[in-house]
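Me: I am new to this structure and would like a close look at a single part of it. Please take the aromatic rings, and go from one to the next in a connected way.

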Amino acid sequence: MDLRGRLIEPHHPDYDASRRVHNAMIDKRPAAIAYCADDADVMAAVNYAREHNLLVAVRGGGHSGAGLGLCDDGLVIDLSQLNGIHVDPVDKTVRVEGGCHLGDLDHVTHAFGVMVPSGIISTTGVGGITLGGGMGHFTRRCGLSIDNLLEADVVLADGSMVKASETKHADLFWALRGGGGNFGIVTSFLFRSHPISTVYAGPMLWELSDAKPVMQWYRTFIKDAPEELGGFFAFLTVPAGPPFPEHLHGKKMCGIVWNYSGPADMAEQVFAPIRRAWPPALDLLGTLPVPALQSMFDGLTPPHIHYYWKADFINELSDEAIDIHLHFAQILPSPLSTMHLYPINGAAARVAPDATAWAYRNATWSMVILGAEAEPTRAAVITRWAKEYWEAMHPHSAGGGYINFMMDEGTDRVKATYGPHYERLVAIKTAYDPHNLFRVNQNIPPTGYHMNGE
């Protein structure tokens, strides 16, 4: 394989470090890892894998909980060297290469007084989170990442490269916005930016004994709140360190992480009635630059510990569902295990249901149940807790889940996630990747494809 970048094979001294990803539960041994230096390297790697019938995995940030940026005995196409970012200060657009992390993106855009809406952990890869949808602190005001995507440069399974947009390869562009890595390797994204540089944000925490009335209030409040106000609900164990006071260390609590991006002189007025109605045990809200908000929780999702994810979309939060949440909150299995409810209404809900591959525009929340544990011997404990929590909650869900919050759970879960869009995605997959070269993902098999590849 003719590459400008490095090729790491099992005998290489850097092999074990190179095959590590964020989730320590993932232990795969690829035949080679290609660190692509440019678009030509990506094209060469795709051609080599296709011609030699190699399994292909594509790694951007390496945050995939299911470990879908790695494979056994195949070729990993690593994009980490494709990390350029360019802001157009006139058009207010941002071009981001496929190996960038959210922290890279926030650092550069902040210098121009703008931001691109995406996730909440700065070490997440831009590529993976965008192709799955991309939600976070600014979803209610700015929509999903895919709602701000203007075009993408894509290396296809045949080794060619195309530009996908509303006017060029429009079917591919539709599929990329939520359909994951099924259709090709995106080496460059062009986003619309928003003029937001400073916010009033942070967590409020309440005693677990207050969780039921707080959730009952929150389920109504967030539906009608101004779109400048985002707030995701969480169960957590308070970390043993600053800025948390010592008397709360290690305590199981509930919280809402707020983000207000409206006029600065209105912030205290927005939160005054919340503080009166539900005085928090801890209030850490304050004025923050966007990059500080976007990296606030990096320490709670450290690399190379064991993670197990389960996810669902939620339309309504009934009292019965709240009681189930409370049961599992009381038995959080480790200090870093958690459950989040991310609101995905507001601007995200105003996008037409069939405008992108994302199929749950009518949902109110995206729920993620996350078991996290540093001690390998307790990996089974967090996995069991997450599965049992999800099984209890699933009857109260909208059906599918956010693919970026899912493990490798099979075709039925993928079908449920895309719902009425699934058959259209199959047709586009068949057109662009008829032999399913890109199948190490939340896979949408092309027509006529069987698991043996025949």
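Reply: F221 is partly exposed, with a relative accessible area of 22%; buried would require a value under 20%. The model is a predicted one. The ring of F221 pairs with that of W217, and the pair is stacked, with 4.7 Å from centre to centre and 25 degrees between the planes. Helix α7, residues 211-224, holds both W217 and F221, and the two are four residues apart, about one turn of the helix.

A second pair has another geometry. The ring centres of F232 and F297 are 6.3 Å apart and the planes stand at 70 degrees, so this pair is edge-to-face. F232 belongs to strand β11 (residues 229-237), while F297 is in the loop between α9 (290-294) and β15 (306-314); the pair therefore ties together parts that are 65 residues apart in sequence. F232 and F297 are both buried.

One aromatic cluster is formed by F232, F297, W309, F313, Y342, W358, Y360, Y402 and F405. For the structure as a whole, the number of aromatic pairs is 19.

Aromatic rings also meet charged side chains. The charged end of R424 is placed over the ring of W174, 3.7 Å from the ring centre. Over the ring of Y35 sits the charged end of R6, at 5.2 Å from the centre.

An open sheet is made of five strands in the order β5-β6-β9-β7-β8, with antiparallel pairing. Strands β5 (85-88) and β8 (161-165) are at the edges and have a single partner strand each, so one side of each has no neighbour in the sheet. From one strand to the next, the twist averages 15 degrees. Strand β7, residues 149-155, is joined to β8 by five bridges, and the two run antiparallel. E151 has S165 in β8 as its bridge partner.

Two helices go with this sheet. Helix α2 (residues 39-51) packs on the sheet and touches β7, β8 and β9 (185-192), its direction making about 140 degrees with that of β9. Helix α3 (residues 102-111) lies across β5 and β6 (93-97) and runs at about 35 degrees to β5.

Definitions and conventions
Residues numbered from 1 in each chain as written. Predicted model: local features only at pLDDT ≥ 70, side-chain atom pairs only at ≥ 80, totals over all residues. Heavy atoms only, no water. Pairing = 2+ DSSP bridges. Axes fitted to C-alpha atoms, helices over the stretch in contact; angles between N-to-C directions. Contact = heavy atoms within 4.5 Å. Phe/Tyr/Trp six-rings, centres within 6.5 Å; stacked < 30°, edge-to-face > 60°. Buried < 20%, exposed > 50% of the residue type's maximum accessible area, 1.4 Å probe, protein only. Lys NZ or Arg CZ within 6 Å of the ring centre and 35° of its normal.
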